[in-house]
Amino acid sequence: MKSIVQIELTNHCNRSCSYCGQMKMTRRRGFMSVVTFERCVDVLLKLGQKSVGLNHYGESLMNNNLVPWIERMNEAGIVPWLYTNGDLFDDDMIQSLASVRLGHLTVSGHMPKPQRQNIVSRCVDAGINAICQIDLNDDNTLDLAGQMRDEDNISEILPLLRPQDSCGFLKNEKAVVLWDGRLVPCCFDFDAVMPFGNINDAFALECMPSVGKLCATCTGHPSNIELK
């Protein structure tokens, strides 16, 4: 494992979007513990990583530790960024995130664009580097490696012969940390179909992502960005 792309603070969400893995998720729901979060920080420091996302398949603002954990990341020299649906934002939250120096914020396209733009403008005014995601709706179905397929609207996906050559996660040995500490090799793996270790294990740094069952119906994740 060479880098951690995302840390899932919780897999609870206040929304039930039809095109999201939340709707099909069967794994247990919960919130990351302080011990597991501190272990994530320790591993990130050992990897020499300078930034990480604090989200996966859940709304991170539902975790009451979000603000102090962002502060902890900055103290460790790791820039935290956040992807959120924006529903739980108010002026107090914006000021709190600004005060602990959230590195970057993306407000997803789940709400009407004027509302998103209003949140982003307030965040920018508070000193947060924030942007709006493109519009998302029920017609914008995400495939998620064949798990969210709409047979009427999505064409047949050809299996990858060598997913390790075309998947940015596998090529660069990236990982996602779930709220319970399990490591999965892809941000498409919402149900922990392909766990390959646990961040809390002493040998977590030696755990290697590998080709799994989701790879057979995945066109290859485009993430080739090297985290530094």
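Predicted model: local features only at pLDDT ≥ 70, side-chain atom pairs only at ≥ 80, totals over all residues.
Let us start with the whole chain. The protein chain holds six helices and eight strands; helices (H or I, at least four residues) and strands (E, at least two) are DSSP runs numbered from the N terminus. Followed along the sequence, these elements come in the pattern β-α-β-α-β-α-β-α-β-α-α-β-β-β. Of the 228 residues in the protein chain, 50% are buried, where buried means under 20% relative accessible area, exposed means over 50%, and partly exposed is in between (1.4 Å probe, protein chains only). The protein chain exposes about 10,800 Å², and carbon and sulfur atoms supply 51% of that area; accessible areas come from the Shrake-Rupley method with a 1.4 Å probe, and for residues only the protein chains shown count as cover. Take the contacts in the protein chain between residues at least 6 apart in sequence: 70% of them join residues at least 24 apart. Contact here means heavy atoms within 4.5 Å.

Helix α1 packs with α2 at an angle of about 25°, and their axes are 11 Å apart; axes are lines fitted to C-alpha atoms, for helices over the stretch in contact, and angles run from 0 to 180 degrees between N-to-C directions. The two helices are therefore roughly parallel to each other. For the wording, angles under 35 degrees count as roughly parallel, over 145 as roughly antiparallel, 65 to 115 as roughly perpendicular and the rest as oblique. The crossing of α1 and α2 is right-handed. On the α1 side, V34, F37, E38, V41 and L44 meet W69, R72 and M73 of α2. The residues of this contact divide into six nonpolar, no polar and two charged. In this count, Ala, Val, Leu, Ile, Met, Phe, Trp, Tyr, Cys and Pro are nonpolar, Asp, Glu, Lys and Arg are charged, and the others, Gly among them, are polar.

Moving along, α2 (residues 66–75) packs with α3 (residues 91–99) at an angle of about 15°, with axes 9 Å apart. That makes α2 roughly parallel to α3. Here L66, V67 and I70 in α2 meet M93, S96 and L97 in α3. This contact has five nonpolar residues, one polar and no charged.

Next comes the pairing of α3 with α4 (residues 113–126), whose axes come within 9 Å and cross at roughly 40°. That makes α3 oblique to α4. The crossing of α3 and α4 is right-handed. From α3, D91, I94, Q95 and A98 meet I119, R122, C123 and A126 of α4. The residues here divide into five nonpolar, one polar and two charged.

The loops deserve a visit too. D87 sits in the loop between β3 (79–84) and α3, and D87 is partly exposed, with a relative accessible area of 30%. Apart from its neighbours within four places in sequence, D87 is in contact with N14, R15 and M111. The C-alpha atoms of D87 and H110, 23 residues apart along the chain, are separated by 9.2 Å.

Buried or exposed: which is G181, in the loop between β6 (174–177) and β7 (182–184)? G181 is buried, with a relative accessible area of 0%. Leaving aside neighbours within four places in sequence, G181 is in contact with T36, G197, N198, I199 and N200.

Finally, look at the backbone. Most residues other than glycine have a negative phi. E173, in the loop between α6 (168–171) and β6, has a positive phi near 55°. A192 also has a positive phi, of about 55°. A192 lies in the loop between β7 and β8 (197–198) and, at 10% relative accessibility, counts as buried.

Note on methods
Residues numbered from 1 in each chain as written. Heavy atoms only, no water. Left-handed = near helix turned anticlockwise from the far one by under 90°.
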